[in-house]
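Open the model in your viewer and keep the sequence panel beside it. The stops below say what to select and what is there.

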Amino acid sequence: MVKKATKQAEAYPSDEIVMKEEVVLNTYDEGTDIIGDDDDTKDLNVSEYCDKIQVKMVNESEDKMTLEFDIIRIEAPIANALRRILLAEVPTMALEKIYLYQNTSVIQDEVLCHRLGLLPLRVDPRAFQFPTEKVVGINEKGVDCDEEPEGDPTRNLIFKINVACTKNRNAANGTTDPKQLYHHSSVYSRAFEWIPIGNQKEGYTKNNKPKMVSDDILVAKLRPGQEIEASCHAVKGIGRDHAKFSPVATASYRLLPTIRLNAEISGEAAERLQSVFSEGVIGIEKKGNKKIAVVKDARADTCSRNVFRHEDLAQVVHLGKNKQHFIFSVESTGALKASELVVEACKVMESKCRSLRKQIEALMQ
């Protein structure tokens, strides 16, 4: 007969955990108080609500493509709307029409075209208009586009690629590395060349001309006799229509963790408390002859809840979330800076609010 083993609660010196005289568990931290009164029947003062909203920049990468910022004193629906707009409704440019003239690689035509469409472009979409073409394969004049159109300088960007793999006659004997045996054995995104349409060249310099976000994205692998030749037309679109138009690699938010110690924890218990949290969350400070635990940086907590594995600590540690403090993390795919994407998302949200307001006013007339 097998008996289930149960771990007995370890006994720790009682003087290491001293309860505080007053413990108020429902005290709001900064930013948790509700704007206005709790009475839902009262009118909301929009000006007062907006004045109390705070935005704090926390961290931005050197290339400006990754951003972390806080929005304080807003509700979850507004934060989630901003996140969804960043994902699906901020426009970018992406390759839409691929005119494939030659493809003798092992990749099927449709797979190669789909792969090309997902290549991120470094170009400001605000300088272009949305396409007017509604039917795939039909141009604005209603003519079937079996042949490649010239393109509209206000709506299109054209990139061309023409790469053929050949043998390297100067390769060392015995080498097996394809990069030494062949020329252009690997096709990278740097092989694309921007072809200006009309007067497009006048609006760009050598340093800011349209190009791929990275030169080192692997597109395909070739062997001698294989070739890829294509002309790619980019258009403006939004992620709601296709994921290739999404301007962010990720856009997410989390609530600010709150950690409250309802007792003075010292000695070995303080060291245990520090070990169960992420690094930097709990600090140890001297108080007279004792070393006590203090909350150093609740923001760094990963919410592992490992503290509840210790019965004595679980009774004196209160974990929570600040419901009006949102920590946003935005990573751009490269078309615009992350901070610019947030501004553009706010503009889209403002436009939606104005549109909704007009519809409501029309119904009330």
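A residue counts as buried when its relative accessible area is under 20%, and as exposed when that value is over 50%. The model on screen is predicted.

Begin with T175, in the loop between β7 (166-167) and α4 (178-181). Is T175 buried or exposed? Its relative accessible area is 19%, under the 20% limit, so T175 is buried. Now show its surroundings: leaving aside residues up to four places away in sequence, T175 touches Q180 and L181.

Next, select β4, β13, β6 and β10. In that order they form an open sheet of 4 strands, with antiparallel pairing. β4 (92-103) and β10 (193-195) are at the edges; each has a single partner strand, so one side of each lacks a neighbour in the sheet. Turn the view to follow the twist, which averages 25° from one strand to the next.

Which residue of β13 stands opposite I98? Select C232 to find it.

Then pick helix α3, residues 109-117. Helix α3 packs on the sheet and touches β4 and β13. The direction of α3 makes about 150° with that of β4.

Finally, colour the chain by pLDDT. The mean for the protein chain is 87, and 85% of its residues reach 70 or more. Residues 1-11 have pLDDT below 50, and beyond near neighbours in sequence this stretch has 1 contact in the model. Residues 22-38 are also below 50; that stretch has 27 contacts beyond near neighbours in sequence.

How values were computed:
Residues are numbered from 1 along each chain as its sequence is written. This is a predicted model: local features need pLDDT of at least 70, side-chain atom pairs count only at pLDDT 80 or more; totals for chains, interfaces and linings use all residues. Side-chain values use heavy atoms; hydrogens and water are left out. Two strands pair if DSSP finds at least two bridges between them. Helices (H or I, at least four residues) and strands (E, at least two) are DSSP runs, numbered from the N terminus. Axes are lines fitted to C-alpha atoms, for helices over the stretch in contact, and angles run from 0 to 180 degrees between N-to-C directions. Contact means heavy atoms within 4.5 Å. pLDDT is the predictor's confidence in each residue, from 0 to 100. Buried means under 20% relative accessible area, exposed over 50%, partly exposed in between (1.4 Å probe, protein chains only).
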